Amino acid sequence: MDLGELDGDSTGRCRLNSPVPAVCRKEPCVLGVDEAGRGPVLGPMVYAICYCPLSRLAHLEALKVADSKTLSESERDRLFVKMEEDRDFVGWALDVLSPNLISTSMLGRVKYNLNSLSHDTATGLVQYALDQGVKVAQVFVDTVGPPDTYQARLQEQFPGIEVTVKAKADALYPVVSAASICAKVARDQAVKNWHFVEKLQDLDADYGSGYPNDPKTKAWLRKHVEPVFGFPQFVRFSWRTAQSILEKEAEGVLWEDSPTGDQEGSGRIMSYFSKGPRTHPHLPHRYFQERGLESATTF
């Protein structure tokens, strides 16, 4: 699997896909959707689809695909190679979302939460298969959030397709298991071969599982936090684990329009309209201070 596009630009997203089997453009197909790397504080999240003709679903099942979390790395790699060998009837596509994209989406002025990002990515991959000419008749999805709401949304988006959204779909439907394997193989490869654009001293790849509760991951984050610029782009800044370390280890920032003097933080907005004395008087904006302007008390 060639992730060279991600190495060239690890700030956004990249899409990879196999050739579309000719039979998938002629016969009704079943398509599965799953992801890998939703929870870790390190590395990308990868969404994947896998599809094959309904008439060949038994052949996909015969590969003994299973939920990728129940398989070893070597077993996942072996099954992915097998699917590649069967590309005359099996197709797949991936959307690799970088940690930087995830963080900037979640921390932007207009919030774009992880569930919405996941739903839109899955929807985009199904549409991508349709745009490539795949005759999608059934879609099975491993849920993110309430399955009924998610299913209704997908069904509205694709009214001519039978959509099923279930919790643990990767353990229930072989085509979702196959998508799970594709996603996990791609994420493992991306994490293992991550191209760090930052010049980090004593860089090591011993960052554990990448999950927030892993002591080894936390130790790696503390080691590689930069007091001014924060973490390398391999880290999801939007995760609470990363934010907690930044609050303790990074330098504080005084923005140009921040209050000056000994004021302790900014009060609730309604406090500016309250009657009576203020414990911490509100200082006027720098614009008014520089021009010697004061609030009018009489008219």
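E198 is placed in the loop between α8 and α9 (215-223), where helices (H or I, at least four residues) and strands (E, at least two) are DSSP runs numbered from the N terminus. With a relative accessible area of 23%, E198 is partly exposed; buried means under 20% relative accessible area, exposed over 50%, and partly exposed in between (1.4 Å probe, protein chains only). The model is predicted: local features need pLDDT of at least 70, side-chain atom pairs count only at pLDDT 80 or more, and totals for chains, interfaces and linings use all residues. Residues are numbered from 1 along each chain as its sequence is written, and side-chain values use heavy atoms, with hydrogens and water left out.

**Contacts across the sequence**

- E198 touches P232 and Q233, not counting residues up to four places away in sequence, a contact being heavy atoms within 4.5 Å.
- E198 and F234 are 36 residues apart in sequence, and their C-alpha atoms are 9.8 Å apart in space.
- L42 is found in the loop between β2 and β3 and counts as buried, at 2% relative accessibility.
- Leaving out residues up to four places away in sequence, L42 touches R187, Y207, G210, T217, W220, L221, F234, V235 and R236.
- A distance of 9.3 Å separates the C-alpha atoms of L42 and F237, which are 195 residues apart along the chain.
- E249 lies in helix α10 (residues 240-249) and counts as partly exposed, at 42% relative accessibility.
- E249 touches V225 and P227, again not counting residues up to four places away in sequence; from C-alpha to C-alpha, E249 and V225 are 7.3 Å apart in space, and they are 24 residues apart in sequence.

**The chain as a whole**

- The protein chain has 11 helices and six strands.
- Of its 299 residues, 43% count as buried.
- Among the contacts in the protein chain with a separation of 6 or more, 71% are accounted for by residues 24 or more positions apart.

**Nonpolar core**

- The largest nonpolar core has 80 residues, and those with the most contacts inside it are L31, V33, M83 and V139; such a core is a set of buried Ala, Val, Leu, Ile, Met, Phe, Trp, Tyr and Cys residues joined through side-chain atoms within 4.5 Å.
- Helix α8 (residues 174-192) gives the most to this core, with 10 residues.
- Domain 1 (4-193) and domain 2 (215-249) both give residues to this core, so it lies between them; the domain bounds come from an automatic or database domain assignment.
- V139 touches L31, V33, V126, I161, E162, V163 and T164, not counting residues up to four places away in sequence.
- In soluble globular proteins, nonpolar side chains tend to be buried together.

**Largest pocket**

- The largest pocket has a volume of about 550 Å³. On a 1 Å grid over the protein atoms alone, a pocket is an open set of points with protein on both sides within 12 Å along at least five of seven lines, a cavity is a set of points where a 1.4 Å probe fits but cannot get out, and lining residues have an atom within 4 Å of a point. Grid points are joined across faces, edges and corners, and a volume is the space filled by probe spheres set on the points.
- The pocket is lined by 31 residues, of which A36, G37, K69, K184 and Y211 are the closest to its centre.
- Helix α8 supplies the largest share of this lining, six residues; β2 (29-36), α3 (73-85) and α8 each supply at least two.
- By class, the pocket lining has nine nonpolar, nine polar and 13 charged residues. Ala, Val, Leu, Ile, Met, Phe, Trp, Tyr, Cys and Pro count as nonpolar, Asp, Glu, Lys and Arg as charged, and the others, Gly among them, as polar.

**Cavity**

- The structure holds one cavity of 30 Å³ or more, and the largest cavity has a volume of about 40 Å³.
- N17, S18, V20, I49, Y51, W92, A93, Y128, A129 and Q132 line the largest cavity.
- At least two residues of this lining come from each of β3 (45-53), β4 (91-97) and α5 (114-131).
- The cavity lining divides into seven nonpolar, three polar and no charged residues.

**Backbone with positive phi**

- K64, although not a glycine, has a positive phi of about 65°; K64 lies in the loop between α2 (57-61) and α3 and counts as exposed at 64% relative accessibility.
- K168, also not a glycine, has a positive phi of about 60°; K168 lies in the loop between β6 (162-166) and α7 (169-172) and counts as exposed at 60% relative accessibility.
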